[in-house]
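This report describes a predicted model.

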Amino acid sequence: MDERRLREVALTPDEYKTIVEQLKRAPNEVELGMLGVLWSEHCSYKSSKALLRRLPSTGSAVVQGPGENAGAVSIGEGWAAVFKIESHNHPSAIEPYQGAATGVGGIIRDVIAMGARPIALLDSLRFGPLPESKRHFDGVVAGIGGYGNCIGIPTVGGEIYFEDCYANNPLVNAMCVGLVRTDQLVRARAEGTGNRLMLVGADTGRDGIHGASFASVELDENSSERRPAVQVGNPFLEKCLLEACMDLSHTDAVVAIQDLGAAGLTSAVAECAGRVPGAGARIDVSLVPRREREMTAYDVMLSESQERMLVVVQRGREREVESIFHAWDLTSAVIGEVTDDGQLTVVDGPDPVARLPVKLLTDGAPMRRLVGIAPDPPLDLVVDALPPLADPGGTLLRLLASPNLSSRRGVFRRLPAIAVNEVLTLESYAVLDGDAATQGLDPLQVSLRDGLGVVEEPAQAVERHLPVHRLEDVQEASDRLVVGRVHAEWPAVLGQQAHHAS
Amino acid sequence: MKFGVVVFPGTWSDRDCGWVVDQVVGAELTYLWHKDADLKGCDCVILPGGFAYGDYLRTGAIARFAPVMEQIGEFADKGGLVWGICNGFQVLCEAGLLPGALIRNASLEFRCEWTNLVVERTDLPFTARCEEREVLRVPIAHGEGSYFADPATLSRLEQRGQVVFRYCDPGGRVVPAANPNGSLHNIAGIVNARGNVLGMMPHPERCSEAELGGTDGLKLFRSVAENALKVFVS
């Protein structure tokens, strides 16, 4: 096998060998592309799965653990909170606005796929120092805010830090929280041989082909050539898709809903079938609505066009589902059906295109065992041996002015952060340099309580709660002290319906 | 008293407005679908916030052509109450039911924050429960909320007292520092000459319950619920 071609699909020679052994033949071009995206780190977690398994994921309140589009936890009174967090680092490094926006779009669809209404967004962001990383910083903040705002989902919280190591590789993690009645939770399982696979939402284009593989290679000076691998978002379409999917809950014709994200149709169909033992799927790419001409089967199977969902519909009830999407002026098309042969079969009209075992796609990637390097031991600072600060007040002000400790208001006011009626963010994010000043409070009247900055009445509070002569306290505080969050409340995310249901 | 909340594709404050009308005020509520040319006998039509038709091209520019808008125009002509909030204000300006336009914020950035509004008209069905020059605390969330009108229109608005809300400081002083978006004359909301069509950028539906940080918005909803009928009588 040509090594250059293998690199294009981000497979190693060893992985290729495994594929040939399993298939007992060489894969064709389309099959190679499909395996490349599903065996990418982004889809298979081949390097990190062993570590992720060590995270706790069970408990009496857990309604849905790992393995579905999103997790779900019971919050009582018959309601479940559905949530998903996902990184969109590489796309955001190349094209900050669209990279971040489509990251938000993807997790919103994951929550929708569970049958839940998304009600809140949160973000965890890391950038290189300013002003050098301003392009990343501005683009990502605008992308997150723009997409979420257009759909009407508030960004209720987050965190942001700046460090040299993120200069070329910003971290963009977006989280979406949704609400659903526990008994209306939808799972993405392709049950029922003969049930129809419907592709709904946006038409399929060439955007984002090999995006998942791209997420799994090193970024370098040629990375901008990968720009076609970054998708472009259409939040308006996603809003319509959201409402249409909420309307789907009024019918029992729907068996499963699956988001099309990384690795597009290939991943959506394989994962949906892979969750049901023995299930397979047969799809005809000629039935996929397209936005570009002369797309090949390869393009259609690997496209990462945004704002698409796969819906598994009971055979014979396709029209019901179609009419719901039609009301929102959305395209829907039956593109295939559920089978019981355990194979993902792709045809293009009369022509066979690909035939791969579902399990090879979803679980076949050889796990990588990474060798860890022990981190440097923490600095052995003897606090009492440090010289006292000559000007503690001045030092504190400099600390407060540093990007990693300063007020986040500049970011928050650019995000749709104020609560809508389904989300309560308890009065937050007043700031030292702004609101507190106008309220006649001294910026120094801040103290640490429960890990949050709290404005105290007497100026001595600083001395009492935050002894600035102890450097380690300040350093330790830096990852907990939310400077300027005057009212010490975490954003409390509560469903108002749940709240009023009692 | 029956409220109708218009739903365009891309509208997202519909459920919040509906919640306040139905659950907080306790008035009758119906949703009005953009494709339907039927106002279902509503006494007050709310055009809520969001991004109608994605706001592609220009805010409100596509929504004004929706079938439901023709009915809303006739309804307004007959004296019916029409209340545009945020995107709804933008749509009303595009539809010619209110003068002027909402342009990009002076900062060129989206702004989401609490603002103070001084109430300059309390003789309207929308503000009857407010005190003279009362200061309301209401949040904004927009990228295109800077009110603009040509000098002649602006002076006509001022002369006729059509400015209902202005951004102000907490003490009620209309100062440049309190203007979040560069609106001319700190304008946050205006009414038509007849007094039955109101447009405002801030979101009263987001501050109508104490849990959400304020209840000033509820005064406007209550005003409409209690005073709408008076307008029709007079």
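## The six-stranded sheet

A:V73 has A:A81 of β3(A) standing opposite it, within a pairing in which strand β2 (residues 71-76) of chain A and strand β3 (residues 79-87) of chain A run antiparallel and are joined by five bridges. These strands belong to an open sheet of six strands in chain A, whose order is β1-β2-β3-β6-β4-β5 and whose pairing is mixed. At the edges are β1 (62-64) and β5 (155-162) of chain A, each of which pairs on one side only, and from one strand to the next the twist averages 25°.

Helix α8 (residues 134-151) of chain A packs on this sheet, where it touches β4 (117-127), β5 and β6 (171-181) of chain A, and its direction makes about 180° with that of β4(A). The loop between β4 and α8 of chain A is the place of A:P131, and the peptide bond that leads from A:L130 to A:P131 is cis, with omega near 5°.

## The packing of α8 with α10

Two packed helices are described by the angle between their axes and by the distance between the axes. For α8(A) and helix α10 (residues 235-248) of chain A, the axes come within 8 Å and cross at roughly 40°. The crossing in which α8(A) passes α10(A) is right-handed.

On the side of α8(A) the contact is made by A:Y147, A:C150 and A:I151, and on the side of α10(A) by A:P235, A:F236, A:E238, A:K239 and A:L242. By class, the residues of this contact between α8(A) and α10(A) divide into six nonpolar and two charged, with no polar residue.

## The contact between chains A and B

The contact takes 22 residues from chain A and 22 residues from chain B. Both α8 and α10 of chain A supply at least two residues each to the side of chain A that touches chain B, and α8(A) gives the most to that side, with four residues. The side of chain A that touches chain B is made up of twelve nonpolar, five polar and five charged residues.

## The seven-stranded sheet

Chain A also holds an open sheet of seven strands, in the order β8-β10-β7-β11-β9-β12-β13 and with mixed pairing. Its edge strands, β8 (254-259) and β13 (351-357) of chain A, each pair on one side only, and neighbouring strands of this sheet are turned by 25° against each other on average, direction ignored.

Strand β12 (residues 343-348) of chain A pairs with β13(A) in the antiparallel sense over six bridges, and in β13(A) the bridge partner of A:V347 is A:P352. Across β12 and β13 of chain A lies helix α3 (residues 29-38) of chain A, which runs at about 40° to β13(A). In the loop between α13 (318-327) and β11 (331-339) of chain A lies A:D329, a residue with a positive phi of about 55° although it is not a glycine.

## Confidence of the prediction

For chain A the mean pLDDT is 79, and 79% of its residues reach 70 or more. Over residues 419-502 of chain A, however, the pLDDT is below 50, and this stretch has 150 contacts in the model beyond near neighbours in sequence.

Key:
Residues are numbered from 1 along each chain as its sequence is written. Chains are lettered from A and ligands numbered from 1 in the order in which they are written. This is a predicted model: local features need pLDDT of at least 70, side-chain atom pairs count only at pLDDT 80 or more; totals for chains, interfaces and linings use all residues. pLDDT is the predictor's confidence in each residue, from 0 to 100. Two residues are in contact if their C-beta atoms, placed from the backbone, lie within 7 Å. Two strands pair if DSSP finds at least two bridges between them. Axes are lines fitted to C-alpha atoms, for helices over the stretch in contact, and angles run from 0 to 180 degrees between N-to-C directions. A crossing is left-handed if the near helix is turned anticlockwise from the far one by less than a right angle, and right-handed if clockwise. Ala, Val, Leu, Ile, Met, Phe, Trp, Tyr, Cys and Pro count as nonpolar, Asp, Glu, Lys and Arg as charged, and the others, Gly among them, as polar.
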